[in-house]
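This report describes pockets, a cavity, ring contacts and backbone features of one protein model. It is meant to be read with the structure in view.

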Amino acid sequence: MINNCKAVEIAKNIFWVGAVDWNLRNFHGYETSRGTTYNAYLILDEKVTLIDTAKIDFADEFISRISSVISPEKIDVIISSHVEPDHSGSLKKIAELAPNAEIFTTNPNGLKGLTARYGNLNYKTVKAGDKISVGERSLHFVPTPMLHWPDSMVTYCPEEKILFSNDAFGEHLATSMRFDDENNLDVILAEAKKYYANILMPYGKQAQIALKALGDLEIKMIATGHGVIWRKNISKIIDCYKFWSSDELENRACVVFDSMWHSTEIIAQTITESFAKKNIPAAYYDLKFTPLSDIVTDVFKSKYLIVGSPTINSQMMPTVAKFLSYLKGLQPLKHKGFAFGSFGWSGQSIQFVEDELKEIGVEIIFDKVRLSNVPTIEQLDKLEKEILDLEI
Ligand code: FEO
């Protein structure tokens, strides 16, 4: 396919040369309703430097953007911030076009990962505190292990005060405008929170360590690996990361359930409205209708998590099992909650849901709600009163 994509100059002689994936709707299970970008950056200095590449499906677009400012063979330095193929996928292709380029990566994880995927290329390894000069500019490497892979690192250019942050501070958002102030800030922050919840939630401690390491740097631009480049709202996104990586929860509830014949759904309604009556805003998520990634984004900072399922074939509904499994992998914060559901004759699933909530680390604050067949008004009123009386 012919590509006529152009680079975008983001600072004098520094170009965005990434790719926009408008159609992406699923990123290894994370539902990306607004697509994404794979951001890469080209610095024209004495040594022509490329920071990251793009997913292999977008290699032509990425190379087209580079070629719009310089022949790829002139690239001297390639920085690989992260082995995950959305950033390294076109590395081999670009290394073939720029055979003399040195490829900088972390040791041992970056080196191991890149070698496993792309074979022996011209790798140079770096560690915390290392820096290289590329001419008028220097590049300082800050490894950020487990943020979110063992090899991850960010790169700081002090002469430009630009932080090339790769996955950190990014969001899955396809847009034709490269900067935060050219886009809707509410949308960006919502997508950044969703990104943090679905990708970085297990690594709050590592995020805090990284924020500390970056704390002394003067930053006038954060050039991310996905979505927009931050130049106006830098302190806002950093403050968000400080909050998101903390243990602090908001006084909100998420009621998450599936239902077969509306009975568990009716209980979910009563629970949702009872929390609201206690002045605790509650969100109502029927798993048939809302993507897991969105639900998990709301659960992330909600103090209360209440999960319901009827019983099917002696088990909880597969949708509920999938939600709990996904959440468990994200090692959520310390929520409080309980299980609920209606049942026809055996109703084992409600205990299974409670067991799983405990396994995930949820503090059980209310005895599981088990109502047979169709809940009666009296049962629902009693449940409402019990929730209203609950001291939390
Ligand atoms: Fe955007 Fe972890 O890759």
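How much space lies in the largest pocket? About 310 Å³. Of the 16 residues that line the largest pocket, the closest to its centre are Met 260, Thr 311, Phe 343, Gly 344 and Trp 345.

The model is predicted, and local features need pLDDT of at least 70 and side-chain atom pairs pLDDT 80 or more, while totals for chains, interfaces and linings use all residues. Residues are numbered from 1 along each chain as its sequence is written, and side-chain values use heavy atoms, with hydrogens and water left out.

**Pockets and cavity**

The search runs on a 1 Å grid over the protein atoms alone: a cavity is a set of points where a 1.4 Å probe fits but cannot get out, a pocket is an open set with protein on both sides within 12 Å along at least five of seven lines, and lining residues have an atom within 4 Å of a point. Grid points are joined across faces, edges and corners, and a volume is the space filled by probe spheres set on the points.

Strands β20 (311–312) and β22 (336–343) each supply at least two residues of the lining of the largest pocket. Helices (H or I, at least four residues) and strands (E, at least two) are DSSP runs, numbered from the N terminus. The lining of the largest pocket divides into seven nonpolar, nine polar and no charged residues. Here Ala, Val, Leu, Ile, Met, Phe, Trp, Tyr, Cys and Pro count as nonpolar, Asp, Glu, Lys and Arg as charged, and the others, Gly among them, as polar.

The second largest pocket holds about 220 Å³ of space. It is lined by 14 residues, and those closest to its centre are Met 201, Lys 205, Asp 247, Gln 331 and Leu 333. Three charged residues belong to the lining of the second largest pocket, along with seven nonpolar and four polar ones.

In the whole structure, the search finds one cavity of 30 Å³ or more. The largest cavity has about 60 Å³ of space. Helix α6 (residues 204–214) gives the largest share of its lining, four residues. Among the lining residues of the largest cavity are Thr 144, Leu 147, Phe 169 and Tyr 241. By class, this lining has nine nonpolar, one polar and no charged residues.

**Strands β22 and β24**

Strand β22 runs parallel to β24, and four bridges join them; two strands pair if DSSP finds at least two bridges between them. Phe 340 stands opposite Val 369 in β24. In a regular strand the side chains alternate between the two faces of the sheet. Buried means under 20% relative accessible area, exposed over 50%, and partly exposed in between (1.4 Å probe, protein chains only).

**Aromatic rings**

Rings of Phe, Tyr and Trp (its six-membered ring) pair if their centres lie within 6.5 Å; planes under 30 degrees apart count as stacked, over 60 as edge-to-face and the rest as tilted. By this rule the count comes to twelve aromatic pairs. Two of them are tabulated.

| Pair | Centre to centre | Angle of planes | Type |
|---|---|---|---|
| Tyr 38 and Phe 58 | 5.3 Å | 50° | tilted |
| Tyr 196 and Tyr 241 | 5.2 Å | 90° | edge-to-face |

Tyr 38 lies in strand β6 (residues 36–38) and Phe 58 in the loop between β8 (48–51) and α1 (59–67), so their pair ties together parts that are 20 residues apart in sequence. Tyr 38 is buried at 0% relative accessibility, and Phe 58 is buried at 16%.

Tyr 196 is in helix α5 (residues 185–200) and Tyr 241 in helix α7 (residues 234–244), so that pair ties together parts 45 residues apart in sequence. Both Tyr 196 and Tyr 241 are buried.

**Backbone features**

Most residues other than glycine have a negative phi, and most peptide bonds are trans. A cis peptide bond joins Asn 107 and Pro 108, with omega about 5°. Pro 108 is in the loop between β10 (102–106) and α4 (109–118). The bond from Leu 147 to His 148 is also cis, with omega near 15°.

Asn 13 has a positive phi of about 65°. It lies in the loop between β1 (8–11) and β2 (14–16) and is partly exposed, with a relative accessible area of 27%.
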